[in-house]
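Subject: Handing over the model

Hi,

Here is the structure I promised to pass on.

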Amino acid sequence: MSFGFLLFLFSGDLSSLIGCILTSQLPIQIVTVVFYIFTDLMLISQFLYYKIKNNSSKKRPMLKWLCFLWCGASTVALLILPKFITDNNTSANTESASNSVEISGYACGYVASIFYLSSRFPQLYKNFKRQSTEGTSYMLFALAMMGNGTYGLSVIVVLPALAGSKQTFILKHLAWLIGSLGVLLLDFFVTAQFIIYRKNRSAKTSKKMNVPEVEPLLCEEEELSTF
């Protein structure tokens, strides 16, 4: 997996969380982003842990304990954070938010969408460079496609039932819509890579299996001729 993919994904989730809080998005959206940050931290921890472990010749038990402590601290922090954020969000809704705060929140939303869109390119390039998708789980991208697709549909489906201005509603969610639907489109390219490179891999393995064992037979004939 590309480290650039993980770094852009984490940056996107972090700026999306700030944007959701500043623009008073739905609590479920905030909790979901917090969960995404939690999984990003787990993936980055795993990446760094195995990178250091594979590059070092000596066994380092301290590294394993540091990784466990980091994961534990992240888990505790992110279990407490959603309740704290939702409580602040509900209290903030009663007060009139200033325009500058809302503009900053929407700016963070657009920055998050740029990070999300940029996250797929390092992975696409790495897969293309290796001509392989080995070591990468397709379920990660498949579930991301389902999540982004259903989020986009939820915004579109609710439009006819809205009593207020539909344009205002779309503009309020536009930054997150660009990020989710744009990433959905790029994930189709990742899916295509999985299909193409899987076919190439199966073709290579079948080619290896069809190679006749000529060399050992020739060696045996030479040994018999010497006798």
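Setting aside residues up to four places away in sequence, Gln-193 touches Gln-123, Leu-124, Asn-127, Phe-128, Thr-133 and Arg-198, where contact means heavy atoms within 4.5 Å. Gln-193 sits in helix H6 (residues 166-209); helices are DSSP runs of H or I with at least four residues, strands are runs of E with at least two, and both are numbered from the N terminus. Gln-193 counts as buried because its relative accessibility is 10%. Here buried means under 20% relative accessible area, exposed means over 50%, and partly exposed is in between (1.4 Å probe, protein chains only).

Before going further, a word on the source: this is a predicted model, so local features need pLDDT of at least 70 and side-chain atom pairs count only at pLDDT 80 or more, while totals for chains, interfaces and linings use all residues. Residues are numbered from 1 along each chain as its sequence is written, and side-chain values use heavy atoms, with hydrogens and water left out.

Now to one of the partners of Gln-193. Gln-123 belongs to helix H4 (residues 99-130) and is buried, with a relative accessible area of 0%. Apart from neighbours within four places in sequence, Gln-123 is in contact with Met-1, Ser-2, Phe-5, Thr-136, Phe-141 and Gln-193. A polar atom of the Gln-123 side chain lies 2.9 Å from the backbone nitrogen of Ser-2. That is a polar contact, meaning a pair of N or O atoms within 3.5 Å; within protein, one must be able to donate a hydrogen and the other to accept it, and residues adjacent in sequence count only if both atoms are side-chain atoms.

Ser-2 also caps the N-terminal end of H1, with a side-chain oxygen 3.3 Å from the backbone nitrogen of Gly-4. H1 (residues 3-22) has 20 residues and reaches 29 Å from its first C-alpha to its last, close to the 28 Å expected at 1.5 Å a residue; the expected span is 1.5 Å times one less than the number of residues. Among the buried residues of H1 are Phe-5, Leu-6, Leu-9, Gly-12, Asp-13 and Cys-20. After H1 comes Ser-24, with a positive phi near 55°.

H4 has 32 residues and spans 48 Å between its first and last C-alpha, close to the expected 46 Å. Its buried residues include Gly-105, Ala-112, Tyr-116, Arg-120, Gln-123 and Leu-124. What lies close to Gly-105? Not counting residues up to four places away in sequence, Gly-105 touches Gly-19, Leu-22, Thr-23 and Trp-176. Gly-105 is buried, at 0% relative accessibility. Gly-105 and Ile-21 are 84 residues apart in sequence and 7.4 Å apart in space, C-alpha to C-alpha.

Gln-131 has a positive phi of about 55° although it is not a glycine. At 39% relative accessibility, Gln-131 counts as partly exposed.

Next, the packing. The largest nonpolar core has 11 residues: Phe-5, Leu-6, Leu-9, Ile-44, Ala-112, Tyr-116, Leu-124, Phe-141, Val-183, Val-190 and Phe-194. H1, H4 and H6 each supply at least two residues of this core. A second, separate core of nine residues includes Cys-20, Ile-30, Val-33 and Ile-37. By a nonpolar core I mean a set of buried Ala, Val, Leu, Ile, Met, Phe, Trp, Tyr and Cys residues joined through side-chain atoms within 4.5 Å.

Finally, the whole chain. It holds seven helices and zero strands, and 33% of its 227 residues count as buried. Among contacts between residues at least 6 apart in sequence, 82% join residues at least 24 apart. An unreviewed UniProt entry places the feature "transmembrane region" at residues 26-50, 62-85, 97-117, 138-162 and 174-197; UniProt positions are in the numbering used here, feature names are shortened, and annotations may be inferred rather than shown by experiment. Residues 26-50 are 96% helix and 0% strand, with end C-alpha atoms 37 Å apart. Residues 174-197 are 100% helix and 0% strand, and their end C-alpha atoms are 35 Å apart.

Best wishes
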